[in-house]
Amino acid sequence: MSDTTTDAGAAAGRDFYRALVFRRQAILVALALALALSLCADLALGPARYGLDEVAAALFRPDHVDASIRVIVWEIRMPVALMALAVGASLSVAGTQMQSILNNPLASPFTLGISAGAGFGAALALAFGVALFPVAVDYIIPVNAFLMAMLTSLAIYGLSLSRGTSSETIILLGIALVFIFNALMSLIQFFASQQAVAAVVFWTMGSLTKATWPKLWISLAALGLALPLLARRGWALTAMRLGDAKAESMGVRPGRIRLEVLVLVSLLAAISVSFVGTIGFIGLVGPHIARMMLGEDQRFLLPGAALSGALLLSVGSVLSKMIIPGTIIPIGIVTAIVGIPFFLYLVLSRRGSAW
């Protein structure tokens with residue numbers, strides 16, 4: 001009798017697990033389909049608007065459409081639309097892993113100052129031509145951004161190792177770093193030339209309009225490098241959400257995982273900032289949307305975060321063209337308008353509770 005009950009319970013457990021896996025796979029497919037639809041809408045909108053049928057013809061039958069439509073879709077709008085996907089996925093994945101290793105729902109490259117640090121590095125190159133790594137003068141902006149993002153990450157990592165440091169303290173340090181880098185950016189603008197100030201302001205507002213195919217390939221390469229490495233550590237990252245003590249009991253080395261993840265997060269944030277400027281809240285909102293739909297299992301959370309972040313920034317790109325017809329609003333403004341209410345919701349919903 002007990003064996004029969006045990007077998008029935010095991011079968012029910014397997015059925016529940018299969019249903020859960022199927023549900024999560026269906027959510028990933030739905031996100032991918034929504035992303036494809038948003039991409040097509042992004043390609044269709046602009047100063048010259050096209051129907052989805054014309055966009056589809058330009059994509060799959062380019063020889064059967066006017067040369068002007070083909071050039072606009074492939075050479076002008078396609079790099080911008082795909083850059084939105086690459087940057088959105090990068091920032092969302094970075095935010096997801098920072099929340100995992102710090103076990104804090106407010107952690108992201110933006111709130112921890114990593115994006116601000118990368119922006120400061122890029123501003124040094126734009127305003128004064130300062131190369132933090134002189135050997136790489138030809139790639140001064142992305143290299144400066146990466147090095148400053150790395151230094152910011154190492155500062156956060158060093159504090160996280162201090163005894164008695166809580167996740168709230170780390171978030172407060174990140175906010176302090178944001179203010180410090182914003183002050184330094186203002187100082188740069190004060191001493192820089194008028195042309196340099198205009199270039200620096202571009203980074204602070206965030207814009208996809210200067211995306212090109214070479215920049216897109218670099219962004220995709222960084223994402224392609226980070227995703228497999230993070231997926232390889234998926235089980236360890238899932239365990240770290242239970243706390244360092246429980247993770248260590250499962251054979252995970254939290255200190256090593258944190259350092260590896262912070263390096264990859266710095267790479268993703270730095271590449272994104274160096275090419276499109278500071279775009280806030282995607283790294284905060286995207287991970288939470290993915291977690292609400294898919295849970296903590298990194299096998300589903302990682303691709304879900306990438307898809308949700310890409311979808312958010314793609315929809316933001318569409319909205320930036322629709323709010324004022326004929327004008328493209330900087331994407332950083334649109335994401336802030338969406339992200340700030342969500343940020344306030346997270347803070348207010350956790351009053352009086354543990355992080």
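Buried means under 20% relative accessible area, exposed means over 50%, and partly exposed covers the values in between, with a 1.4 Å probe and protein chains only. The model is predicted, so local features need pLDDT of at least 70 and side-chain atom pairs count only at pLDDT 80 or more, whereas totals for chains, interfaces and linings use all residues. Residues are numbered from 1 along each chain as its sequence is written, and side-chain values use heavy atoms, with hydrogens and water left out.

**View 1. A salt bridge between Lys321 and Asp42.** The two side chains meet at 2.7 Å, N to O, a salt bridge being a side-chain nitrogen of Lys or Arg within 4 Å of a carboxyl oxygen of Asp or Glu. This pair links distant parts of the chain, with Lys321 in helix α13 (residues 298-322) and Asp42 in helix α1 (residues 2-44), 279 residues apart. Helices are DSSP runs (H or I, at least four residues), numbered from the N terminus. Asp42 is buried because its relative accessible area is 1%, and Lys321, at 11%, is likewise buried.

**View 2. Salt bridges of Arg291 with Glu296 and of Asp297 with Arg299.** The side chains of Arg291 and Glu296 meet at 3.0 Å, N to O; Arg291 is buried at 12% relative accessible area, while Glu296 is partly exposed at 28%. Between Asp297 and Arg299 the closest N and O atoms are 2.6 Å apart, and here Asp297 is buried at 19%, whereas Arg299 counts as exposed at 52%.

View 3. Thr335 counts as buried because its relative accessibility is 5%. A polar atom of its side chain lies 3.0 Å from the backbone oxygen of Gly332. When residues up to four places away in sequence are not counted, Thr335 touches Ile279, Gly280, Phe281, Ile282 and Leu313, contact meaning heavy atoms within 4.5 Å.

**View 4. Helix α4 (residues 114-128) and the residue that follows.** The end C-alpha atoms of α4 are 21 Å apart, which agrees with the 21 Å that its 15 residues should span at 1.5 Å a residue, the expected span being 1.5 Å times one less than the number of residues. Of these 15 residues, 13 are buried, so that α4 is mostly covered. Just after α4, Gly129 takes a positive phi of about 70°.

Note on methods
Polar contact = N/O pair within 3.5 Å; in protein donor to acceptor, adjacent residues only side chain to side chain. Helix = DSSP H or I, 4+ residues; strand = E, 2+ residues; numbered from the N terminus.
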